[in-house]
Amino acid sequence: MQDRLIEILTQHFNVQTQNIREALTFREQKGGDPGEILVQKKALSEERLLEAMSLTYRIPFWPDLPLENIYTEFINRVPIGFLKKHVMIPLYVPPPAAGQKGPAGQEGEPEQLPDVSPGGYLIAIRTLNSLQAVDDLARIMDIPEYRLILSTKGAILSAVNVSFELHRDSAEQIVQDMEEDGKAILNEIEERSDLLDDTSDAPIIKLVNHIISQAVKGRASDIHVEPYQDSFKIRYRIDGILYDALSPPKWIQPALVSRIKVMSQMNIAEKRLPQDGRFDVKVGDQEIDIRVSTIPTAFGERMVLRLLNKSVALLKLTEIGLERERLAELKGLVQNTNGIILITGPTGSGKTTTLYAILTFLNTPDINIITIEDPVEYQIQGINQIQVNPKINLTFARGLRSIVRQDPDVILVGEIRDLETAEIAVQSALTGHLVFSTLHTNDSASAITRLVDIGVEPFLIASSVKGVAAQRLIRILCSQCKEPFTPDQAALDAIGIPHEKAAGGCLYRAVGCPSCFHTGYRGRMGIFEIMSIDATVSNLILKTYDANRIKAHAVKKGMLTLRQDGIRKVLKGITTIEEVLRVTQT
């Protein structure tokens, strides 16, 4: 049948003979399936391979699986890991009456509808190599007769995840199942040694796992556990905004906090001092690094869990929200051979993401890049990254002083916080290094004022700083539910959009749907204000470090402000007037 599959791929799917030969050679040397080899080598898409397999083996191919037809009896009888390992899922589709359309679009006569067995059972698979596991699944589920269908790996795994998620106990059910005795649960937590066992039936462990998995599913960056006098609250930060998620009874608070502290390897007996910890979890196919911080309050310990998804690829420069002209300008700045490039903005404005995108752009074998960060959020292949550690006096300044002796071409300093760090950064830039760092300022021009306030001499700033990029993150309108509208004149005046540009329904507003968790937004992107330090600006810095005068001069030279960049994205239907006003208010 393999020969038949290869023949079909060549004749009906335009796969080049040379690619077929290479796949067969690879199979002889290292083993494997020729079709899968072609997909790995990008000579064929997964969907086209499955279409060819459907013709070869006469097994229907369903690119999408009807989630309402999943045979949910498997939830309590088959481990999720078994289904994911063999990439398969059972479905139940009642056979259509004669003349009706089947699920895949065929007529309802039995000879024309090979998809559904007389009993209505189907098993979706990705490859024929899992047939033994399919028989095992049918035996476990007591399925007497079934038919096979082919589907993509993504569709099958998504269906498996959704099935387990929909039928998992809700947070409210878990809370209701817990005994109203927080002290007993707390004692159980302190005595157990296998607390990281995800299969545990302990209600508090199920509740914490549910809170974390829902946060990951909702794309939350932080989980807040906030105690009050008679209650406590779980909140998620999604796209920069906090949303209430759950309000369990007050008596659960000590148990939940203790569970998270044990996972983070904190001292659960210490409730009077702030603590920090971390742990890793796996949710589906996503690896999540969670950093935990606690502080004591009048009504108990307050916790914040920062979620870092290590499975998400780092963004490229072309993906962070820069328009073509701004992108060319930033690329020109970062390709300097020396000098300081500053990225400014408040906490949570995406400065680290932008810096990582820049380093990825610059990262070539002929350049030595060293960073010192607090913390190192993502590892980048080919770059040496140092973690600040105040406990052993490894500060930004001390680390930077050592880095310059390591023959670097590019240096990243996580943040310029004091005069010592600033002076070493300036000296490194003046001696031929390209230095990147961040500052907490409202706009690009204020970075100059901030450096002077720290204690750096204006003439050193003028000669070392090559450019400053200020940025903010705006939420992107959900493509599923956004709707066009014409705003009133007051809203247009507030942001500075001429009425004629808003005519014709080119502006959109947020609505809310299940796809975006009813927020109206899904995802974020940056707006930027890039100020190049040319000779004229350098002379101005020597005369004055007034941020307003420096900014006015830069705007006169053509600099696009944060507000103006936001307006462009509003007119393109990417975001809303309210969102731009929210992040650009000074």
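In this predicted model, helix 14 passes helix 15 in a left-handed crossing. The two helices, residues 396–403 and residues 419–430, pack at an angle of about 20 degrees, and their axes lie 8 Å apart. Angles under 35 degrees count as roughly parallel, and helix 14 and helix 15 are therefore roughly parallel to each other. The chain as a whole has 23 helices and 18 strands.

**Chain overview**

- The chain has 586 residues, of which 47% count as buried.
- Taking contacts in the chain between residues at least 6 apart in sequence, 65% join residues at least 24 apart.

**Helix 14 and helix 15**

- On the helix 14 side, the contact is made by F396, A397, L400 and R401.
- Helix 15 contributes E420, T421, I424 and A425 to this contact.
- By class, the residues of the contact of helix 14 with helix 15 are 5 nonpolar, 1 polar and 2 charged.

**Helix 20 and helix 21**

- Helix 20 (residues 535–543) packs with helix 21 (residues 547–556) at an angle of about 165 degrees, and their axes are 11 Å apart.
- That angle makes helix 20 roughly antiparallel to helix 21.
- Helix 20 and helix 21 cross in the right-handed sense.
- In helix 20, T536, V537, L540 and I541 take part, and they meet R549, I550 and H553 in helix 21.
- The residues of the contact of helix 20 with helix 21 comprise 4 nonpolar, 2 polar and 1 charged.

**Helix 22 and helix 23**

- An angle of about 165 degrees is found between helix 22 (residues 562–571) and helix 23 (residues 577–584), whose axes are 9 Å apart.
- Angles over 145 degrees count as roughly antiparallel, so helix 22 is roughly antiparallel to helix 23.
- The crossing in which helix 22 passes helix 23 is right-handed.
- Helix 22 makes the contact through L562, R563, G566, I567 and V570, and helix 23 through I577, V580, L581 and T584.

- Helix 23 is largely enclosed by the rest of the structure, because 6 of its 8 residues are buried.
- The buried residues of helix 23 are I577, E579, V580, L581, V583 and T584.
- I577, V580, L581 and T584 belong to the contact with helix 22 and are among the buried residues of helix 23.
- The cover over the buried residues of helix 23 includes helix 22 and helix 18 (489–495).
- Strand 15 (465–477) and strand 18 (521–532) are also among the elements that cover these buried residues.

- An open sheet is formed by 3 strands in the order 1-2-3, with mixed pairing.
- At its edges are strand 1 (88–92) and strand 3 (147–150), each of which pairs on one side only.
- On average, neighbouring strands of this sheet are turned by 30 degrees against each other, direction ignored.
- Strand 2 (residues 121–125) runs parallel to strand 3 and is joined to it by 4 bridges.
- Opposite I123 stands L148 in strand 3.

- A sheet of 6 strands is open and has the order 6-5-4-9-8-7, with antiparallel pairing.
- Strand 6 (241–246) and strand 7 (275–283) each have a single partner strand at the edges, so one side of each is left without a neighbour in the sheet.
- Neighbouring strands of this sheet are turned by 25 degrees against each other on average, direction ignored.
- Between strand 4 (residues 220–227) and strand 5 (residues 232–238) there are 7 bridges, and the two pair in the antiparallel sense.
- F232 in strand 5 has P227 opposite.
- Helix 11 (residues 253–263) lies across strand 4, strand 5, strand 7, strand 8 (286–297) and strand 9 (300–309).
- Relative to strand 9, helix 11 runs at about 45 degrees.

How values were computed:
Residues numbered from 1 in each chain as written. Predicted model: local features only at pLDDT ≥ 70, side-chain atom pairs only at ≥ 80, totals over all residues. Heavy atoms only, no water. Axes fitted to C-alpha atoms, helices over the stretch in contact; angles between N-to-C directions. Parallel < 35°, antiparallel > 145°, perpendicular 65-115°, else oblique. Left-handed = near helix turned anticlockwise from the far one by under 90°. Contact = heavy atoms within 4.5 Å. Pairing = 2+ DSSP bridges. Buried < 20%, exposed > 50% of the residue type's maximum accessible area, 1.4 Å probe, protein only. Nonpolar A, V, L, I, M, F, W, Y, C, P; charged D, E, K, R; others polar.
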